[in-house]
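Biologist: Could we go through this structure together? I would like to begin with the core.

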Amino acid sequence: MSTMKIRTEGPVLLLERVMDAPPELVFQMFKDAEHLKMWWGPRGWELSFCTVDFRPGGVWHYCMTCMDKNQGDFFGMESWGKAVYGDINEPKQFNYIDYFSDAEGNISPDLPPSKITMIFEEFEGKTRLHSRSEFNSAEDLQKVIEMGMEQGITETWDRLSEYLASQQ
């Protein structure tokens, strides 16, 4: 399994990983609700709600629910998110503003948003996937890191890699 590179630069979180699939297929995994339901979220969590309007200005609204009894206090917990898409250049890149939200899509004032750019780069017949998450401050980035975001995104991309293998 390919390893994830994670680093921070001030208020920016940079992720990179090679996926064993062509960029067109990897890109497709991010724009379709039925695909996202199969891999988005850390292990033990499922998308119990997911709508995607993949176009500039469109919204992705989702709920991750912990289905794993072994995760103790997290079992049954819901985490709602909302993304508003910006520029889309299929299959090379897209960006969005990522928010924590509630079930109605109201943005949480207590948790920091970030601007995320996803880049899908052809690399030796595979895809080098880059994610750049820019927060308003290094403190905001630190807040989401303390919430376990690094483990969560690593497990999410592990699940994406496994799902891609099943799609080829």
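Biologist: Which residues have the most contacts inside the largest nonpolar core?

Modeller: Please note that this is a predicted model. The largest nonpolar core has 38 residues, and Phe30, Trp40, Phe94, Met118 and Leu129 have the most contacts inside it. Helix H4, residues 149–166, supplies the largest share of this core, with five residues.

Biologist: What is Trp40 in contact with, leaving aside its neighbours within four places in sequence?

Modeller: Its partners include Phe30, Trp45, Leu47, Trp60, Tyr62, Met64 and Tyr96. Thr156 and Arg159 are also in contact with Trp40.

Biologist: Turning to secondary structure, how many helices and strands are there?

Modeller: The chain has four helices and eight strands. Along the sequence they follow the pattern β-β-α-α-β-β-β-β-β-β-α-α.

Biologist: How do strands E5 and E6 run, and how many bridges join them?

Modeller: E5 (residues 78–89) and E6 (residues 93–100) run antiparallel and are joined by seven bridges. A hairpin of three residues connects E5 to E6. Ala83 has Asp98 in E6 as its bridge partner.

Biologist: And which residue in E7 is the bridge partner of Asp98?

Modeller: That is Ser114. E6 and E7, the latter covering residues 114–123, pair in the antiparallel sense over six bridges.

Biologist: What is the radius of gyration of the chain, and what would a compact globule have?

Modeller: The chain has 15 Å, which agrees with the value near 15 Å for a compact globule of 168 residues. The C-alpha trace spans about 40 × 35 × 30 Å along its principal axes.

Biologist: What percentage of the residues is buried?

Modeller: Buried residues account for 45% of the 168 in the chain.

How values were computed. Residues are numbered from 1 along each chain as its sequence is written. This is a predicted model: local features need pLDDT of at least 70, side-chain atom pairs count only at pLDDT 80 or more; totals for chains, interfaces and linings use all residues. Side-chain values use heavy atoms; hydrogens and water are left out. A nonpolar core is a set of buried Ala, Val, Leu, Ile, Met, Phe, Trp, Tyr and Cys residues joined through side-chain atoms within 4.5 Å. Buried means under 20% relative accessible area, exposed over 50%, partly exposed in between (1.4 Å probe, protein chains only). Helices (H or I, at least four residues) and strands (E, at least two) are DSSP runs, numbered from the N terminus. Contact means heavy atoms within 4.5 Å. Two strands pair if DSSP finds at least two bridges between them. The radius of gyration is taken over C-alpha atoms; the globule rule is 2.2 Å times the number of residues to the power 0.38.
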